[in-house]
Amino acid sequence: MQNDAIKIQPALEALHMPENLTIGMMVAEQHEQCRQFACDFDYYGFAFGQSPFCVPPLLQKKLQENAAYGGYVPAKGIPELRAAVAEFYERHFQLEASPERVIIGPGTKTLIYMIFNIVEGDVIIPSPAWIGYAPQAALLGKPWHVLPLSPENDYRLQPEELDTFLSSLPRKQHLLILNNPHNPTGILYSSEDLGALARVCRKHRTLVLADEIYALTTYHVDAFTSMGALYPEGTFVTGGLSKDRSAGGYRLGICVLPTAGGTALAQAFEKMAATLYTSIPTPIQRAAVSAYLQSREIDEYFAVTREIHSIMGGVLQGLCHNIPGLQATLPQGGFYFFLDFQELAEAFREKGLQNANQLGAALLSHPHHIATVTGDALMLPPHRFGARIAFVDYEGEKAYERYQENPPVKAEEKLNFVRETAPRMLEGVKAIENFVRQYR
Ligand SMILES: Cc1ncc(COP(=O)(O)O)c(C=O)c1O
């Protein structure tokens, strides 16, 4: 057989690589080009959404201790971990999740895919959004709809908008994605906001996929409310170790199932898990128990890392927002904000930048070297000139130590903290300013 002679399923052929890998390829390409004019290429890394901190030492230690556990375990997850997760959700979010409602999976990405696969109905994705959702729906041949969020409402989904939108769809079961705190804007929904959205969902019998992977990075963590606590009958809550415990590579995610699913829904997950991957790694599950049970180490880790995210986000957002022509959302959790270039749209078009994907490429090009996530990768329409800024391009361990030695309190101290521990990000903001100056 010749090369390329094997036919690939059309749904997969139509799929693009996820945004972070695409940007990785663009960076490599730019590198090649820049070498031609002896450019000492490096780029400002605002694209990658990975926590910069090390995995909590307690979790690392427990993983080592459990390395000998090589056997298969139950498909839904080991009972000790499901019990620890249930307790964790009750302790932090007043969400009464019995262990029977908890599913352990290989990262929330896969759990989201399983939810799409198991639950009937269309998927509704408020945009801008994390890139993960739509390709999964497309791969399954599942209808999905984009519901644009507006800057006037700080990119928060409004109950009236949702009501109108759901009324326009065929009357059947649908699944709304509600990501809180929100990637890419960093905004947080209040308990009142969520209560109002829950009422609309109840009225339309719409299910919610509450992607709460950034919940414990919320800067004023008491302000976080889980949708699962307000709308338990219809909400799938997803979370995991990837962001607030900096262990994306452990690939451990959890899902709290809606109460209305009963045992049939839990069994559907069990069947699918058993069919696809049998169970997730036993040592990881056993170690993860320590990351869910209450302990001084983990509580302190949450507290320090969320403070540092808050400092980095506050300083960078302030500097970007002050660049004439730009607007930046104020992050309240997570490690992103959204940078709106819309005021410059006409100038961009006049100088040949026709859409947000081209903006992303221009930001990355010589001499700017600014890697961000833009356009399609945020599920934005092509004419919306915006970019996601991830503020995690620094040595997490150093920042963690420096914070513990002397936590900054005043604005000036916070700026000094960023200067000291994350100088490249400040240079990156300067590069954004220079980029914008070209078009003003
Ligand atoms: C909003 C959001 N949901 C889900 C995920 C996937 O997380 P996991 O590592 O658990 O698959 C990410 C990762 O970037 C994310 O930003």
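I call a residue buried if 20 or more other C-beta atoms lie within 10 Å of its own. I'm working from a predicted model here.

**Entry: Ser 226**

I started with Ser 226, which sits in the loop between strand E6 (207–211) and helix H9 (227–230). Is Ser 226 buried or exposed? I found 24 other C-beta atoms within 10 Å, so Ser 226 is buried. I then listed what it touches, leaving out residues up to four places away in sequence: Phe 93, Leu 95, Ala 210, Glu 212, Ala 215 and Val 237. I also checked Ser 190, which is 36 residues from Ser 226 along the chain; their C-alpha atoms are separated by 9.7 Å.

A reminder to myself: most residues other than glycine have a negative phi, and most peptide bonds are trans. I looked for exceptions.

Tyr 155 has a positive phi of about 60° and is not a glycine. I placed Tyr 155 in the loop between strand E4 (144–148) and helix H7 (159–168). It counts as buried because 20 other C-beta atoms lie within 10 Å.

Ser 246 also turned up, with a positive phi near 55° in a residue other than glycine. Its loop runs between strand E7 (235–240) and strand E8 (253–256). I counted 21 other C-beta atoms within 10 Å of Ser 246, so this one is buried.

Then the cis bonds. The peptide bond from Asn 183 to Pro 184 is cis, with omega near 25°. Pro 184 is in the loop between strand E5 (174–179) and helix H8 (191–204). The bond from His 366 to Pro 367 is cis too, with omega near 5°. I found Pro 367 in the loop between helix H14 (356–364) and strand E11 (370–371).

**Entry: the sheet around E10**

Next I traced an open sheet of 4 strands, in the order E9-E10-E13-E12, with antiparallel pairing.

I went through the pairings of E10 one at a time. Strand E9 (residues 327–328) pairs with E10 in the antiparallel sense over 2 bridges. In that pairing, Gln 327 stands opposite Asp 340, and Ala 328 is opposite Leu 339. With strand E13 (residues 386–390), E10 makes 5 bridges, again antiparallel.

The domain assignment gives domain 1 as 10–52 + 298–437 and domain 2 as 57–294. Taken over C-alpha atoms, their centres are separated by 26 Å. I looked up the contacts between them: 30 residues of domain 1 are in contact with 33 residues of domain 2. On the side of domain 1 that touches domain 2, helix H1 (10–13), H12, E10 and E13 each supply at least two residues. Which element gives the largest share of that side? It is H12, with 6 residues. By class, I have 15 nonpolar, 11 polar and 4 charged residues on that side of domain 1.

**Entry: helix H11**

I checked helix H11 (residues 282–292) for covered positions. Its buried residues include Ile 284, Gln 285, Ala 287 and Ala 288, and Ser 290, Ala 291 and Tyr 292 are buried as well. What do the buried residues of H11 pack against? I found helix H3 (57–65), helix H4 (79–93), strand E2 (102–105) and helix H12 (296–321).

**Entry: around the ligand**

Last, I looked at the ligand. I have 14 residues surrounding it, and the closest are Gly 107, Thr 108, Lys 109, Trp 130 and Ser 242. Helix H5 (residues 107–118) gives the largest share of this shell, 3 residues. How does the shell divide by class? I noted 2 nonpolar, 10 polar and 2 charged residues.

Notes:
Residues numbered from 1 in each chain as written. Predicted model: local features only at pLDDT ≥ 70, side-chain atom pairs only at ≥ 80, totals over all residues. Pairing = 2+ DSSP bridges. Near = placed C-beta within 6 Å. Nonpolar A, V, L, I, M, F, W, Y, C, P; charged D, E, K, R; others polar. Buried ≥ 20, exposed ≤ 12 C-beta atoms within 10 Å, placed from the backbone. Contact = placed C-beta atoms within 7 Å. Domains from an automatic or database assignment.
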